[in-house]
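Let's take a walk through this protein chain, one piece at a time. Keep the picture open as you read.

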Amino acid sequence: MNAVEARRNRKIEQKRAWRLRNPDKVESYRRKHYLEHKEDYITKALVWRDKNPKRFKENQKKHDATPKRKAKERVSRKVLRESDPEKARTISRRKAHRRRALNPEGHYTEEQLQARIDLYGGRCYLCDCDWDALPAKSDAQPGEHYKTIDHVIPLSKDGTNWPANLRPACDRCNSSKRDNMPTELVA
Ligand SMILES: [Zn+2]
């Protein structure tokens with residue numbers, strides 16, 4: 001290491017030590033710099049977000065899970081409950097709904113599922129095609145139709161995983177049904 005490098009390293013080390021001793025000043029400088037260049041920061045962040053949608057979502061999830069953020073969330077929920085109870089109810093209903101859709105009630109055994117398929121004669125309950133003759137999704141060639149198990153009342157509409165909610169359907173019918181209720185399909 002030559003003298004110039006040694007001096008530079010010393011300076012870097014000194015600055016680092018100063019920053020450690022003065023976290024408040026560091027923070028206020030950082031804040032000041034941010035406010036002076038706010039537009040640039042925001043633009044940069046938006047560009048990054050567009051380029052990295054997946055990581056943005058992950059980061060947001062992590063951020064939402066921090067204790068500080070959760071506490072803030074609790075307070076704002078309380079404020080909303082008091083200022084606009086109707087809206088607060090809608091939001092909490094929607095959240096509960098989402099939770100149920102991700103973690104549906106009910107379960108079934110292989111035998112119970114087979115019994116449901118047999119009940120419909122091994123045919124798609126919507127178009128009556130030969131469901132039994134269709135390949136499993138994992139065995140289907142590209143473009144080939146395959147077996148699916150339909151949730152008559154979609155999980156997203158509070159349907160369950162109990163056997164009574166399950167019916168054999170070809171993928172064609174299942175995907176055209178999407179999240180519609182059978183009655184909506186008829187209409
Ligand atoms: Zn069908």
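## A helix out in the open

Helix α3 is hardly covered: among its 14 residues, the count of buried ones is 0. Here, a residue is buried if 20 or more other C-beta atoms lie within 10 Å of its own, exposed if 12 or fewer, and partly exposed in between, with C-beta atoms placed from the backbone. Helix α3 covers residues 38-51 and reaches 20 Å from its first C-alpha to its last, close to the 20 Å expected at 1.5 Å a residue. That expected span is 1.5 Å times one less than the number of residues.

A quick note on what you're looking at: this is a predicted model, where local features need pLDDT of at least 70, side-chain atom pairs count only at pLDDT 80 or more, and totals for chains, interfaces and linings use all residues. Residues are numbered from 1 along each chain as its sequence is written.

## The whole chain

The protein chain has 9 helices and 2 strands, in the order α-α-α-α-α-α-α-β-β-α-α from the N terminus on. Helices (H or I, at least four residues) and strands (E, at least two) are DSSP runs, numbered from the N terminus. The radius of gyration is 29 Å, well over the 16 Å that the globule rule gives for 187 residues, so the chain is more spread out than a compact globule. (That radius is taken over C-alpha atoms, and the rule is 2.2 Å times the number of residues to the power 0.38.)

The C-alpha trace spans about 85 × 55 × 30 Å along its principal axes, and 9% of the 187 residues count as buried.

## The covered strand

How many residues of strand β2 are buried? The count is 5 of 5, across residues 166-170. On one side sit Leu166, Pro168 and Cys170, on the other Arg167 and Ala169, and all are buried.

Strand β1 (residues 147-151) runs antiparallel to β2, joined by 5 bridges; two strands pair if DSSP finds at least two bridges between them. Across from proline 168 in β2 stands isoleucine 149.

Now look at glutamine 14, which belongs to helix α1 (residues 3-21). Why does glutamine 14 count as exposed? Because it has 10 other C-beta atoms within 10 Å. Glutamate 86 is 72 residues apart from glutamine 14 along the chain, and their C-alpha atoms are separated by 57 Å.
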